[in-house]
Amino acid sequence: MTAPAPSGWRWDSPAARKAGDVSAHARLYLRMMAQSDYAVRLAPAVGKNYVDVLDIGAGGGSVTRHCLADGARWCAVEPNPAMGEALAAQAPALAARGIRLEHIAARWQDLPKSVHADAVFAFNIGDSHHAADALFDALAPRARREMVWIVPAQAAPASFCLAGFLPADFYSDNAVNRQPAVERTLEQLGQSRQPAQIDYIDWQCRFNFATRQEAARHFLERLDCSADSTQGRALRAYLDHALQAAGDFAGNATRFAARNCQNGGNGWLAACAKRSAVVRWFFS
Ligand SMILES: C[S@@+](CC[C@H](N)C(=O)[O-])C[C@H]1O[C@@H](n2cnc3c(N)ncnc32)[C@H](O)[C@@H]1O
């Protein structure tokens with residue numbers, strides 16, 4: 001394909017940072033992760049049977065809930081109202097397992113100093129690669145035993161979940177857009193805060209768009225370009241041949257994907273390979 005004009009897309013631009021930050025994006029993120037194998041792949045790498053967890057930027061808790069022991073305490077710090085609704089919807093299933101969910105509708109920066117737990121989680125939150133040193137200094141003193149972060153590690157933008165569905169020339173006009181976010185995390189942490197352990201986990205992000213138009217709107221918005229720009233036209237041309245009809249895909253799909261295919265197997269599927277780093281510190 002012809003390379004589109006440089007987009008100006010930057011990993012730290014407002015368009016890049018909004019995933020999860022406003023309700024519409026939060027709901028899209030939840031649907032996307034529900035159709036992906038993010039939780040299935042990441043939860044075993046984090047571990048199970050945690051009994052006392054402070055979960056920063058908990059979202060809908062898709063990974064965390066698989067890591068908790070029956071009877072656990074789950075203190076979920078989550079400022080986004082749509083994510084808060086997703087947490088509340090789980091209350092009956094959690095209660096059946098004796099899990100006590102405490103939702104604190106606040107940012108980590110505003111958390112009272114008195115909030116501690118045996119384990120502190122921060123899974124896939126932007127500050128783990130935008131301000132890792134400040135996040136570490138705020139969270140480490142709250143962890144009695146262990147802290148675990150999940151940080152994007154694919155060579156594609158961190159906060160544009162389906163970026164890897166596009167050829168890299170749509171977003172890699174500067175090298176930083178291809179730098180795995182976890183490399184920035186480790187740089188920002190400096191020598192004194194380096195983790196004890198890092199495990200790299202591969203998974204697949206997928207989303208079933210109801211129509212081709214919905215898919216085009218999504219990618220145009222995430223690339224922050226208009227439909228009639230050079231890049232917008234190149235994007236439409238690319239999507240025309242790259243989106244897969246979900247019905248065709250279901251024939252080849254894993255059982256996981258077929259089970260999670262919304263819209264009754266209709267629609268247009270975009271999928272891409274992802275990698276996450278599970279980054280861990282131990283405290284005594
Ligand atoms: C991409 S989602 C990840 C959600 C969940 N941890 C997961 O792994 O699926 C990022 C979450 O971080 C939350 N978040 C963003 N800024 C935050 C802050 N300053 N303090 C706490 N949470 C924040 C967002 O509301 C959003 O729910």
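Phe-121 is buried, at 0% relative accessible area, where buried means under 20%, exposed over 50% and partly exposed in between (1.4 Å probe, protein chains only). The model is predicted: local features need pLDDT of at least 70 and side-chain atom pairs pLDDT 80 or more, while totals for chains, interfaces and linings use all residues. Residues are numbered from 1 along each chain as its sequence is written, and side-chain values use heavy atoms, without hydrogens and water.

The whole structure holds 11 aromatic pairs. Rings of Phe, Tyr and Trp (its six-membered ring) pair if their centres lie within 6.5 Å; planes under 30 degrees apart are stacked, over 60 edge-to-face, the rest tilted. Two of the pairs are tabulated below.

| Pair | Centre distance | Plane angle | Class |
|---|---|---|---|
| Tyr-50 and Phe-121 | 5.0 Å | 85° | edge-to-face |
| Phe-207 and Phe-209 | 4.8 Å | 75° | edge-to-face |

Tyr-50 lies in strand E1 (residues 50–56) and Phe-121 in strand E4 (residues 117–123), 71 residues apart; strands are DSSP runs of at least two residues, numbered from the N terminus. Tyr-50 is also buried, at 12% relative accessible area. Phe-207 is buried at 0% and Phe-209 at 1%. Ring pairs join both of these to Phe-160, Phe-165, Phe-170, Phe-219 and Tyr-238 in a cluster.

Turning to the ligand, one of its oxygen atoms lies 2.8 Å from a side-chain N or O atom of Tyr-29. Another listed distance is 2.6 Å, between a polar side-chain atom of Glu-78 and a ligand oxygen. A ligand nitrogen is 2.9 Å from a backbone N or O atom of Trp-108.

Methods
Polar contact = N/O pair within 3.5 Å; in protein donor to acceptor, adjacent residues only side chain to side chain. Helix = DSSP H or I, 4+ residues; strand = E, 2+ residues; numbered from the N terminus.
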